[in-house]
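This report covers a single protein chain, from its overall make-up to its side-chain pairs. The sequence and structure come first.

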Amino acid sequence: MLNASKPYNALPLLPPKAEIETKSILRKTIQANAALAELKAYAHIIPNQSILINSLTLKEAKDSSGIENIITTHDELFKAFSLQPQNINPATKEVLNYKEALFFGYEQVKQKKFLNTNIIVKIQELIVENNAGIRKLSGTVLKNDKTGAVIYTPPDDRNAINNLLKNLENYLNEDTDSAHALIKMALIHYQFESIHPFYDGNGRTGRIVNVLYLILADLIFTSNGTIRNRL
């Protein structure tokens, strides 16, 4: 049984043994596919599709960072493009770091057709602007912000973390089961956040991994300025 106060070095590998594609989950999958198809339709309506793609990327950077209480406005973001780096406020700078990391990841998966641990480490480095890399020290815990109670302790054994990341990398890049890509994305995100491989930036890095996996799965694709959907 999971003990929230003890490192979860026995985190199970992917794919999960439990039945995942339940009726309720499949219904949500259909709704998500419909949303992606709607996005595809909008992309084909506008003359310059790169405008939509760049706008969505910036919004994703803003909203994902907002989850981490890194708050800025669209006005501040657009102004930042004409400012010197030293004149950009810290919150806006962090959002722009996220955007840079997202585009870096996109260029990597477009070129290499896979997403591995080294690319993910570089994405996290761009987000937080340090190269501490994968956790080497114990003591990382996730706490309730209001009560301070420990709600989860991720793996802290270096070999366990490396093995879990290798398994995640294989699952992400290989068609190892018949699960729908959107369901696999959810499993990948759960596993990544459970491994919690970095000292900081795990949430933002994990959400970029979501986007890149959707690109690899051809659920969205932007290499020629278009967005596609595949059921």
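Of the 231 residues in the protein chain of this predicted model, 44% are buried. The accessible surface amounts to about 12900 Å², and carbon and sulfur atoms account for 55% of that area. The chain has eight helices and two strands, arranged along the sequence as α-α-α-α-α-β-β-α-α-α. Contacts between residues at least 6 apart in sequence are made up as follows: 67% of them join residues at least 24 apart.

**Helix α8**

Helix α8 takes in residues 202-216, 15 residues in total. The distance from its first C-alpha to its last is 21 Å, close to the 21 Å expected at 1.5 Å a residue. Because 14 of its 15 residues are buried, α8 is largely enclosed by the rest of the structure. Aspartate 218 follows α8 and has a positive phi, near 65°.

**Lysine 28**

Lysine 28 belongs to helix α1, which covers residues 23-45. The residue is exposed, with a relative accessible area of 56%.

**Salt bridges**

The count of salt bridges comes to five.

| Pair | N to O distance | Relative accessible areas |
|---|---|---|
| Lysine 93 and glutamate 129 | 2.8 Å | lysine 93, 24%; glutamate 129, 53% |
| Glutamate 125 and lysine 122 | 3.5 Å | glutamate 125, 26%; lysine 122, 30% |
| Glutamate 169 and lysine 166 | 3.5 Å | glutamate 169, 18%; lysine 166, 45% |

In the salt bridge between lysine 93 and glutamate 129, lysine 93 lies in helix α4 (residues 90-112) and glutamate 129 in the loop between α5 (117-128) and β1 (142-143), so the pair ties together parts that are 36 residues apart in sequence. Lysine 93 is partly exposed, whereas glutamate 129 is exposed.

Glutamate 125 and lysine 122 are both in helix α5, three residues apart, about one turn of the helix. Glutamate 169 and lysine 166 have that spacing too: both lie in helix α6 (residues 158-173), three residues apart. An α-helix has 3.6 residues a turn, so residues three or four places apart point the same way.

Glutamate 125 is partly exposed, and so is lysine 122.

Notes:
Residues are numbered from 1 along each chain as its sequence is written. This is a predicted model: local features need pLDDT of at least 70, side-chain atom pairs count only at pLDDT 80 or more; totals for chains, interfaces and linings use all residues. Side-chain values use heavy atoms; hydrogens and water are left out. Helices (H or I, at least four residues) and strands (E, at least two) are DSSP runs, numbered from the N terminus. The expected span of a helix is 1.5 Å times one less than its number of residues. Buried means under 20% relative accessible area, exposed over 50%, partly exposed in between (1.4 Å probe, protein chains only). Contact means heavy atoms within 4.5 Å. Accessible areas come from the Shrake-Rupley method with a 1.4 Å probe; for residues, only the protein chains shown count as cover. A salt bridge is a side-chain nitrogen of Lys or Arg within 4 Å of a carboxyl oxygen of Asp or Glu.
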